[in-house]
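User: Hi! I'm new to looking at protein models. Could you walk me through this one?

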Amino acid sequence: MRQGKKTARNRHTAAAPKRSRGRPTDGGETLRDRILDTAEELFARHGFHGVTVREVTRKANVDVALAHYYFGTKEGLFDAVFLRRAAVINEARIKSIDEYQINPGPGGATIDGFIKAFLDPVIERWARGGPGWKNYLAIVAQVNNTPKWGGETMARYFDPVIHRLIEGIRTLLPEAHNADLYWSYQFLSGALTLTFAQTGRIDLLSSGICQSDDHEAVKVRLAPFAAAGFLRTCLQKQDR
């Protein structure tokens with residue numbers, strides 16, 4: 001009888017989850033991704049300053065030493081979260097813009113078409129990429145609207161693809177002033193990241209006619225809205 005109790009107790013102990021401690025000897029990439037996924041979720045919900053590394057590791061069920069081993073500091077962890085999906089989306093956007101410029105269709109290239117090529121890869125991931133992409137884009141929205149992080153962080157990760165978009169639009173508006181092109185992009189960026197924030201503001205404002213998570217509504221409206229803004233802004237100086 002005693003032996004049976006001991007065996008049951010041993011089985012219970014063996015089944016209890018254990019935190020991974022220190023430098024991993026195997027499954028390292030899985031543990032690293034687990035930390036990144038957890039940090040992404042918490043940063044999206046509470047912002048950079050509302051999260052500690054210890055909270056991340058506790059929720060990820062790993063030892064805090066493992067996070068320090070991989071990322072060094074909380075800033076290093078945040079950068080790793082930001083870079084992981086930025087690299088994916090930048091590659092997809094560049095490919096989309098290049099393909100559009102090579103083969104824009106029978107009507108030729110348009111401002112609307114370039115902006116759609118820039119937006120569609122990220123809207124598709126927002127719509128169908130699962131919770132991870134929604135969390136990531138919520139972080140992008142926070143960063144883009146935070147003075148301490150917005151300028152430097154967004155520039156470091158997204159400037160090359162933004163310049164590629166502006167170059168494409170410039171081919172259609174060769175007389176446009178640089179200031180007008182960049183202000184037009186600024187307004188597009190603000191509209192996009194407010195959309196990703198999904199604050200629920202439009203739901204209340206429209207009395208439920210619009211929903212902030214209506215991806216298809218965004219996809220069919222944002223590009224033509226922004227294209228009209230680019231066109232009007234970039235041509236106004238020529239009218240005067």
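User: Which helix gives the largest share of the lining of the largest cavity?
Analyst: That's helix 9, with five residues in the lining. Keep in mind that this is a predicted model.

User: And what volume does the largest cavity have?
Analyst: Its volume is about 130 Å³. Of the 15 residues lining the largest cavity, Arg93, Val140, Met154, Phe158 and Leu192 are the closest to its centre.

User: Which elements give two or more residues to that lining?
Analyst: Helix 5 (74-102), helix 6 (111-128), helix 7 (131-144), helix 8 (147-172) and helix 9 (178-197) do.

User: How do the lining residues divide into nonpolar, polar and charged?
Analyst: The lining has 12 nonpolar residues, two polar ones and one charged one.

User: How many cavities of 30 Å³ or more does a search of the whole structure find?
Analyst: The search turns up one.

User: OK, new topic. How many helices and strands are there in the protein chain?
Analyst: The chain has 11 helices and zero strands.

User: What about Thr38, where is that found?
Analyst: Thr38 sits in helix 2, which covers residues 28-46.

User: Does Thr38 count as buried or exposed, and why?
Analyst: Thr38 counts as buried because its relative accessibility is 9%, and the cut-off for buried is under 20%.

User: What is Thr38 in contact with, leaving aside neighbours within four places in sequence?
Analyst: With those set aside, Thr38 is in contact with Val56, Lys59 and Ala60.

User: Last one: what percentage of the protein chain's residues count as buried?
Analyst: Of its 240 residues, 40% count as buried.

How values were computed: Residues numbered from 1 in each chain as written. Predicted model: local features only at pLDDT ≥ 70, side-chain atom pairs only at ≥ 80, totals over all residues. Heavy atoms only, no water. Helix = DSSP H or I, 4+ residues; strand = E, 2+ residues; numbered from the N terminus. Buried < 20%, exposed > 50% of the residue type's maximum accessible area, 1.4 Å probe, protein only. Contact = heavy atoms within 4.5 Å. 1 Å grid on protein atoms, 1.4 Å probe; cavity = no way out; pocket = protein on both sides within 12 Å on 5 of 7 lines; lining within 4 Å. Points joined across faces, edges and corners; volume = space filled by probe spheres on them. Nonpolar A, V, L, I, M, F, W, Y, C, P; charged D, E, K, R; others polar.
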